Amino acid sequence: MTQIINTRPLLQEKQQPQTPEWLISHHITTSTEATLASLDAGSQGLTAEQVADRQHRFGPNEIAVKKAPPALIQWLQAFNNPFIYVLLALAIVSFVTDYWIPLRAGDKPDLTSVIIMSCMILFSTLLRFVQEFRTNKAADALNSLVEVTVNVRRQDEQHQSVVLSVPRHEIVPGDIIMLSAGDIVPADLRLLESSSLQLNQSVLTGETLPVEKHAGFMRKSHRLRSANRHCSTSQP
């Protein structure tokens with residue numbers, strides 16, 4: 001079991017760092033006691049009042065996801081296709097050659113080609129719109145069914161330390177998170193205690209092998225990249 005503290009948002013508010021490198025360097029070059037103190041947290045976990053206050057101040061622990069545009073916008077976006085451009089060009093040419101020029105010359109105009117290509121454009125865009133709209137709806141439904149829970153150490157009403165299982169979006173800065181084998185890293189974290197901890201961070205760094213992590217802090221003279229590999233971790 002590994003104990004980790006969620007750090008990033010509260011430090012951003014207090015210290016107002018200018019770069020992510022500064023923030024990481026601050027985490028890994030301070031002791032665990034100093035990290036807890038800077039977050040107004042303790043080894044027993046946060047109280048219910050602290051959790052409610054920080055949830056109000058910082059909002060849910062969620063990655064911003066771009067929502068699908070309204071249905072009308074999705075249908076208009078379906079026209080953004082090279083095949084549609086070709087059909088539109090052909091329809092315009094047919095309109096000029098089969099309708100506009102004969103009409104000016106006094107001949108009988110013919111809109112058959114224009115109508116056929118217009119129907120092809122409408123059918124193609126509607127088909128693409130329906131497919132993408134249904135795909136977006138299915139993806140949203142699947143996301144709503146998947147809920148990742150996190151083991152967090154907090155204080156109960158008697159101010160006793162307990163481990164609770166809470167949804168990932170409910171954790172706040174200063175929460176002490178308990179990780180075990182197979183868990184997903186729920187936020188940007190600073191290690192407090194660890195035992196044989198290895199993380200797969202290929203999404204962040206491209207490394208194919210798990211990286212070993214351990215608690216502690218590094219001297220400021222150490223290179224940031226080397227230090228970050230050992231005592232902190234980020235949400236993918």
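I started at R57, which counts as partly exposed at 38% relative accessibility (partly exposed sits between buried, under 20% relative accessible area, and exposed, over 50%, with a 1.4 Å probe and protein chains only). Before going on, I noted that this is a predicted model, where local features need pLDDT of at least 70, side-chain atom pairs count only at pLDDT 80 or more, and totals for chains, interfaces and linings use all residues. Residues are numbered from 1 along each chain as its sequence is written, and side-chain values use heavy atoms, with hydrogens and water left out.

**Salt bridges**

I looked up the partner of R57 and found D53, with the closest N and O atoms 3.0 Å apart in a salt bridge (a side-chain nitrogen of Lys or Arg within 4 Å of a carboxyl oxygen of Asp or Glu). The two are four residues apart in helix α4, so about one helical turn separates them. Helices here are DSSP runs of H or I with at least four residues, strands are runs of E with at least two, and both are numbered from the N terminus. D53 is also partly exposed, at 37%.

The count by this rule is three salt bridges. R128 has a relative accessible area of 25%, which makes it partly exposed, and E132 is partly exposed at 32%.

R154 pairs with D175, the closest N and O atoms being 2.7 Å apart. R154 is in strand β2 and D175 in the loop between β3 (161-167) and β4, so this bridge ties together parts 21 residues apart in sequence. Both R154 and D175 are buried.

**Strands**

Next I checked β4. How do β2 and β4 pair? They run in the antiparallel sense, with three bridges between strand β2 (residues 149-155) and β4; pairing takes at least two DSSP bridges between two strands. N151 faces M178 of β4 across the pair.

In β4 (residues 176-179), I176 and M178 point one way, I177 and L179 the other, and all are buried.

**T47**

I then turned to the loop between α3 (32-38) and α4 (48-58), where T47 is found. Buried or exposed, I asked of T47? T47 counts as buried, at 14% relative accessibility. Apart from neighbours within four places in sequence, T47 is in contact with Q155 and H159 (contact means heavy atoms within 4.5 Å).

**Nonpolar patch and annotated spans**

On the surface I found a nonpolar patch of I92, F95, V96, W100, I101, L111 and I115, with about 630 Å² of accessible area together. Patch members have over 30% relative accessible area and no salt bridge; nonpolar side chains (Val, Leu, Ile, Met, Phe, Trp, Tyr) are joined within 5 Å, like charges within 9 Å. The areas come from the Shrake-Rupley method with a 1.4 Å probe. Helix α6 (residues 82-105) gives the largest share, five residues. I115 lies in helix α7 (residues 112-145) and is exposed, at 51%.

Last, I looked at the UniProt record: its unreviewed entry annotates residues 83-101 and 113-130 as "transmembrane region", and such annotations may be inferred rather than shown by experiment. Residues 83-101 are 100% helix and 0% strand, with end C-alpha atoms 26 Å apart. For residues 113-130 I noted 100% helix, 0% strand and 26 Å between the end C-alpha atoms.
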